[in-house]
Amino acid sequence: MKELTVNLGEYSYSVLIGNGFWKDIPKIVESDFPDSKIFIVTDENVNEIYGNEFESCFSNPCKRIVLRQGEGTKSFKSYEQLCDNLLSFGIKRNDLLVAFGGGVIGDLVGFVSATILRGVKFVQIPTTLLAQTDSSIGGKTGINTKFGKNLVGAFNQPQKVFIDTDFLKTLNNRIFSDGMAEVIKYGCIYSENLFQKLNKLNEVNIFSEINEIIYECCDIKRHVVETDEKEAGLRKILNFGHTFGHVIEKAFEYERYTHGESVAGGMVAISLLGEKYNLTEKGTTARIINLLNKFNLPIKFEKISKQTAEKIIQNDKKATSNSIDFIFINQIGKAFVKPLDISKIINDLDDMNYFS
Ligand code: GLY
């Protein structure tokens with residue numbers, strides 16, 4: 001097992017990465033938090049496969065709350081229900097929430113942890129590739145609103161992150177590919193080596209290297225978050241492909257395309273624009289498309305109207321009145337931030353036949 005430390009002063013924490021240790025996590029948690037009652041929050045899919053066995057590995061009784069699977073659970077309604085549930089079970093400030101699931105569970109539980117009783121500790125046990133490489137680290141928590149994704153939330157770092165790659169064995173192919181979009185993103189923005197390594201793999205043989213790949217992604221994220229926890233500068237590069245990605249997700253109300261699929265589309269769109277503006281080395285988009293294809297990520301989407309796209313970007317939490325920080329790459333492995341006028345970028349994409 002490998003260990004990384006995210007160094008954030010009094011909010012520092014470790015990330016344990018390995019395989020075959022998930023049944024040991026309860027003992028570690030109980031020894032780290034001996035005075036806390038444990039509240040496991042999970043979704044119905046994870047619960048069906050792992051719930052009973054996981055809970056049985058705790059020595060002391062704990063409470064398990066099972067939520068519906070899917071992006072719809074990152075809502076005000078689920079937030080309220082989860083808080084009510086925890087309060088009805090008598091949660092106290094020294095208790096511990098265990099977010100056991102993918103990004104939806106991690107983001108929701110992290111936000112509840114930031115706010116219930118004005119703050120209760122939480123740990124992350126991410127079970128999807130997307131959560132293991134991105135959302136469980138760095139403390140971004142929150143819920144979606146009718147105006148868009150992650151518009152209500154808090155920076156709230158977990159106490160510890162436990163990444164067992166054995167959980168990936170029970171993911172279906174589409175959800176594995178969903179996470180690959182974030183893995184490919186790290187290659188695009190930060191590590192040409194990682195990008196090249198992924199190019200030599202495919203969705204079957206990647207499993208022999210998955211621990212190392214996840215470690216590399218977590219280490220990049222660690223460095224970025226340590227440098228810029230609250231996204232004033234460097235952390236923005238993690239949003240590569242995410243502005244148009246959110247457009248795709250929101251335009252179909254999070255039902256048609258997964259987050260990773262949408263980010264794949266967003267990375268292609270921004271890279272094409274980068275090449276058009278001479279900001280991105282020619283041929284970069286073709287390399288990205290080639291890698292996305294290898295991991296079964298879509299590059300063509302049902303068309304969205306120009307007006308819908310513009311409205312969704314205007315509501316993006318990163319937008320100022322007319323502009324937004326877009327993340328471009330000069331070449332694979334090197335990203336930079338450039339604020340651009342939203343209408344201009346929408347018009348240019350329209351010229352490239354992007355909208356209906
Ligand atoms: N997922 C982007 C970030 O954590 O900043």
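This is a predicted model: local features need pLDDT of at least 70, side-chain atom pairs count only at pLDDT 80 or more; totals for chains, interfaces and linings use all residues.
Residues are numbered from 1 along each chain as its sequence is written, and side-chain values use heavy atoms, with hydrogens and water left out.

Two packed helices are described by the angle between their axes and the distance between the axes. Here axes are lines fitted to C-alpha atoms, for helices over the stretch in contact, with angles running from 0 to 180 degrees between N-to-C directions; helices (H or I, at least four residues) and strands (E, at least two) are DSSP runs numbered from the N terminus. Helix α3 (residues 76-88) packs with helix α4 (residues 103-115) at an angle of about 55 degrees, the axes being 10 Å apart. The two helices α3 and α4 are therefore oblique to each other, given that angles under 35 degrees count as roughly parallel, over 145 as roughly antiparallel, 65 to 115 as roughly perpendicular and the rest as oblique. The crossing of α3 and α4 is right-handed, a crossing being left-handed if the near helix is turned anticlockwise from the far one by less than a right angle, and right-handed if clockwise. Contact (heavy atoms within 4.5 Å) is made by S78, Y79, L82, C83 and L86 on the α3 side and by L108, V109, F111, V112 and T115 on the α4 side. These residues comprise eight nonpolar, two polar and no charged, where Ala, Val, Leu, Ile, Met, Phe, Trp, Tyr, Cys and Pro count as nonpolar, Asp, Glu, Lys and Arg as charged, and the others, Gly among them, as polar.

For helix α7 (residues 192-199) and helix α8 (residues 210-227), the axes come within 11 Å and cross at roughly 155 degrees, which makes α7 roughly antiparallel to α8. The crossing of α7 and α8 is left-handed. In this contact L194, K197 and L198 of α7 meet E212, I213, E216, C217 and I220 of α8, giving five nonpolar, no polar and three charged residues.

Across the whole structure, 14 aromatic pairs are found; rings of Phe, Tyr and Trp (its six-membered ring) pair if their centres lie within 6.5 Å, and planes under 30 degrees apart count as stacked, over 60 as edge-to-face and the rest as tilted. One of these pairs, Y50 with F167, is edge-to-face, at 4.9 Å centre to centre and 85 degrees between the planes. This pair links distant parts of the chain, 117 residues apart, with Y50 in helix α2 (residues 44-56) and F167 in the loop between β9 (160-164) and α6 (173-190). Both Y50 and F167 are buried, buried meaning under 20% relative accessible area, exposed over 50% and partly exposed in between (1.4 Å probe, protein chains only). Ring pairs also link Y50 and F167 with W22, F54, F58 and F100 into a cluster.

S75, in the loop between β4 (63-67) and α3, is buried at a relative accessible area of 16% and touches I143 and N144, residues up to four places away in sequence not being counted. Within helix α3, N85 is partly exposed, with a relative accessible area of 29%.

Most residues other than glycine have a negative phi. In the loop between α9 (242-251) and α10 (259-276), E253 has a positive phi of about 50 degrees although it is not a glycine, and E253 is partly exposed at 44% relative accessible area. Y254, also placed in the loop between α9 and α10, has a positive phi of about 65 degrees and counts as buried at 16% relative accessibility.
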